[in-house]
Each structure stands twice: as structure tokens, then as C-alpha cells.
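Please read them with the structure open.

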Amino acid sequence: MPPPQKNYHTAAPEPETAIDRSHGDFPVAGDSDEEVYFKTHKAPSYLAEIEEQTKQFVEYHAETTGKRIALVTSGGTTVPLENNTVRFIDNFSAGTRGATSAEYFLENGYAVIFLHREFSLLPYSRHYSHTTNCFLDYMIEKDNKVEINPEFADEMLVVLRKYQQAQKSNSLFLVPFTTVNQYLYTLKSMSTILQRIHTKALFYLAAAVSDFFLPSSRMPQHKIQAQPSGKLVVDLEQVPKFLRRLVDSWAPQAMIVSFKLETDNSILIKKAKDALSRYQHQLVIGNLLQSRKNEVVIVTPNGEQEWIRLTEEDKSKKVEIESLIIPAVKHKHEEWMKSWQQKSTA
Ligand code: PMT
């Protein structure tokens with residue numbers, strides 16, 4: 001018998017081949033950038049329907065459960081190069097951080113709007129949908145029937161119960177996007193709707209949003225043909241950094257948590273602090289491409305830094321770092337809500 005097949009992770013780039021991000025950050029998007037962007041790019045055709053469903057979800061929790069709502073963004077965004085899209089530019093994010101965090105938000109009493117890249121990992125099904133973890137491996141054939149392999153049954157029952165609880169309590173709302181344009185439009189709409197619950201809204205922006213895109217005004221309608229030069233030159237523009245707009249006008253009372261991904265440890269904290277002063281939000285979670293599943297640093301506007309690291313024992317027990325991140329974020333969110341309460345009673 002050949003030895004069991006080993007899993008190789010081809011999707012993770014070698015750190016030294018990753019992009020150098022030690023240069024300055026992109027300019028913040030202002031009012032006019034917002035206006036120009038939304039004037040020159042069409043809203044997705046399904047947006048009105050999603051807005052309606054989001055309103056119902058938010059209204060339900062505002063009126064019935066009183067739960068706080070976390071909007072979790074997750075996965076990469078694609079940048080189409082053609083209108084009838086054959087080619088596009090993408091990035092590495094599988095949505096692990098977002099999908100895992102969403103589960104722990106639910107466990108910590110939040111309702112969750114999961115704004116995710118379609119076909120990236122989803123809460124609960126992520127345990128069985130990853131290619132290194134094929135769902136068929138969890139089944140056996142017995143007496144001409146399919147059964148759950150008893151080896152995994154206990155573990156699956158735990159996941160199944162949590163999933164069903166999220167469904168039954170109407171606490172998880174899944175909203176997909178694929179392109180940067182869909183992401184930006186949907187984020188803007190949802191932020192505005194979440195104003196309904198004021199400080200009880202929390203934005204947890206784990207998506208890896210493309211930094212560059214091809215504006216629709218310059219996008220070819222059909223598949224790009226072979227060029228006489230034998231080369232294809234693509235002239236991309238910067239995606240406006242809408243984080244400041246989110247803080248200032250789309251959801252001014254919500255707590256906003258962004259992520260900072262770097263590959264060089266020595267600049268991580270500085271970049272996290274720069275992001276806080278640039279966007280004026282409440283929390284940055286810094287992570288390195290190479291070690292993002294084992295350690296993160298939470299940075300606050302007053303300069304506090306809290307490292308969260310998995311110990312060797314945690315790793316052997318398969319503890320997920322998000323199970324430690326979310327309670328820390330929840331604690332900060334409680335402080336944020338209190339600070340607004342104090343402001344309004346002062
Ligand atoms: O999905 P995984 O494989 O688990 O990987 C998780 C992750 C590494 C992608 C995640 O933990 C992470 O770090 N995400 C943010 C990546 C990043 O550095 O983004 P940024 O520097 O381009 O943007 C900063 C923040 O602004 C991010 O929170 C981003 O979601 C948000 N952003 C960025 C651009 C934009 N136009 N709109 C945004 O909201």
C-alpha cells in the first residue's frame with residue numbers, strides 16, 4: 001500500500017517572494033473620490049434585494065433579540081480585466097480568518113452579517129469544504145448506505161449543533177461579492193443600514209481588498225485578443241481607500257476594526273499605527289503573512305499593543321487563534337459602547 005497522500009500547500013507564497021509593503025500607504029478617499037467612484041461605476045443589479053434583506057435582518061435583531069451585529073468581511077476581491085470576464089486579477093485570501101472569526105462572534109452572542117467572496121470559506125462548512133479536508137473523507141459506506149465515519153462523528157456533531165443554532169436563531173446572514181466594485185457598493189449600503197443600531201454595530205474588515213482595479217470606463221467589452229506587440233500592458237488605478245468614509249460618514253457610531261497584513265515584522269506595528277491615525281478608527285489587528293494563524297497584534301489609537309499568540313499546547317489542542325481574538329475584540333467593543341453612553345449622558 002502506498003503511504004497516505006501528504007497535503008501540500010501551494011497557495012501560500014514564500015515570504016521573500018511576497019510584495020514589499022515598506023513604502024507609504026495609499027491616500028485616504030475623500031468626499032469627492034467617493035462621489036466620483038459611485039458616479040462612474042454601476043451598482044450591482046442585485047443590490048436593492050440584498051439591501052431589503054439586510055434591513056429585515058437588522059430590524060429583527062434590533063427589535064427582537066437586541067443582539068449586537070458584527071459585519072465580517074472575508075476573502076479576496078477579483079479585478080476583472082474584461083466586461084465579459086475571462087481574465088481577472090486575484091489575491092491569496094481563502095477567507096479562513098473571516099469564516100473562523102464569524103463562528104466565534106456567533107459563539108460570543110453576536111449576530112453576524114458575513115460579507116464574503118463567493119466560493120471562499122464559509123462559517124461551519126469551512127471544516128469540510130477545504131480541499132485539504134475533503135468532505136467525502138468524513139463518510140463511509142455501510143450496508144449500501146452512506147454513514148458518517150464514527151472517527152469524526154463527535155467532532156461533526158459539535159459543528160452541526162452550532163450551525164443549526166445559528167440558523168434557528170436567524171443569527172447568520174450570508175452576503176456574497178466577487179469583484180471590488182460589488183464589495184464597495186455592498187459595504188456602503190450595509191454600513192448605512194447598520195446605522196439603525198448605532199454603537200451596537202461592529203465592522204471586522206478581514207477581507208483582502210485589491211489595491212488596484214480597472215475602471216469600468218476603460219474595461220474592454222470582450223475577451224482581450226492577442227496583441228501585435230506580443231505583450232499585454234494593463235494600466236490599473238488605485239482603489240480608493242474608503243475606510244475613512246466608513247468612519248466619518250457611512251457608520252460613524254459603529255466600532256471599526258481593520259486588519260493590517262505585512263510580510264516584514266519590523267514594520268507591522270508602525271503600519272498599524274499609521275492606519276489608525278490615517279483612518280481614525282478604533283482598532284487595527286496586525287498580522288504577518290507567514291504567522292497569521294499563530295499570532296496577531298491588537299493595536300489601539302492610544303498606542304496599546306496586545307499580542308495574542310498560540311502556545312505550543314494550544315497548537316497541539318488545535319485551538320484557533322480567532323477563539324482568542326474575538327473575546328478581546330468584544331471587550332473593546334463594550335468599552336466603545338460605554339464611551340458613547342458616557343458622552344451622551346455628560
Ligand atoms: O483569508 P485568509 O487567508 O485567512 O487571510 C486573512 C488576511 C491575512 C487576508 C486577513 O487577516 C487580513 O490581514 N486582511 C487585511 C489585508 C490588508 O492588509 O488589507 P489592506 O492594507 O489593503 O487594507 C486595510 C484594511 O482596510 C483591511 O481591513 C481591508 O479589509 C480594508 N479595506 C481596504 C481597501 C478598501 N478599498 N476597502 C477596505 O475596506
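This is a predicted model: local features need pLDDT of at least 70, side-chain atom pairs count only at pLDDT 80 or more; totals for chains, interfaces and linings use all residues.

1. Residues are numbered from 1 along each chain as its sequence is written, and side-chain values use heavy atoms, with hydrogens and water left out.

2. UniProt, in an unreviewed entry, places the feature "domain: DNA/pantothenate metabolism flavoprotein C-terminal" at residues 191-314. UniProt positions are given in the numbering used here, feature names are shortened, and annotations may be inferred rather than shown by experiment. Over residues 191-314 the chain is 24% helix and 27% strand, where helices (H or I, at least four residues) and strands (E, at least two) are DSSP runs numbered from the N terminus. The end C-alpha atoms of this stretch are 36 Å apart.

3. The ligand is surrounded by 24 residues, each with a heavy atom within 4 Å of it. Ser 93, Leu 205, Ala 207, Lys 260 and Asn 287 are the closest. Helix H3 (96-107) and strand E11 (255-262) each supply at least two residues of the shell, and E11 gives the largest share, four residues. By class, the shell has 13 nonpolar, five polar and six charged residues; Ala, Val, Leu, Ile, Met, Phe, Trp, Tyr, Cys and Pro count as nonpolar, Asp, Glu, Lys and Arg as charged, and the others, Gly among them, as polar.

4. A backbone N or O atom of Ala 207 is 2.8 Å from an oxygen atom of the ligand; for Ala 94 the distance is 3.3 Å, and for a polar backbone atom of Thr 96 it is 3.3 Å. The protein covers 97% of the 780 Å² of accessible area that the ligand has on its own (Shrake-Rupley method, 1.4 Å probe).

5. Gly 75 sits in the loop between strand E1 (69-74) and strand E2 (79-80). Leaving out residues up to four places away in sequence, Gly 75 touches Ser 93, Gly 95, Arg 117, Ser 120, Ala 207 and Ala 208, contact meaning heavy atoms within 4.5 Å.

6. The side chain of Gln 282 reaches the backbone nitrogen of Ile 256 at 2.7 Å.

Technical notes: A polar contact is a pair of N or O atoms within 3.5 Å; within protein, one must be able to donate a hydrogen and the other to accept it, and residues adjacent in sequence count only if both atoms are side-chain atoms.
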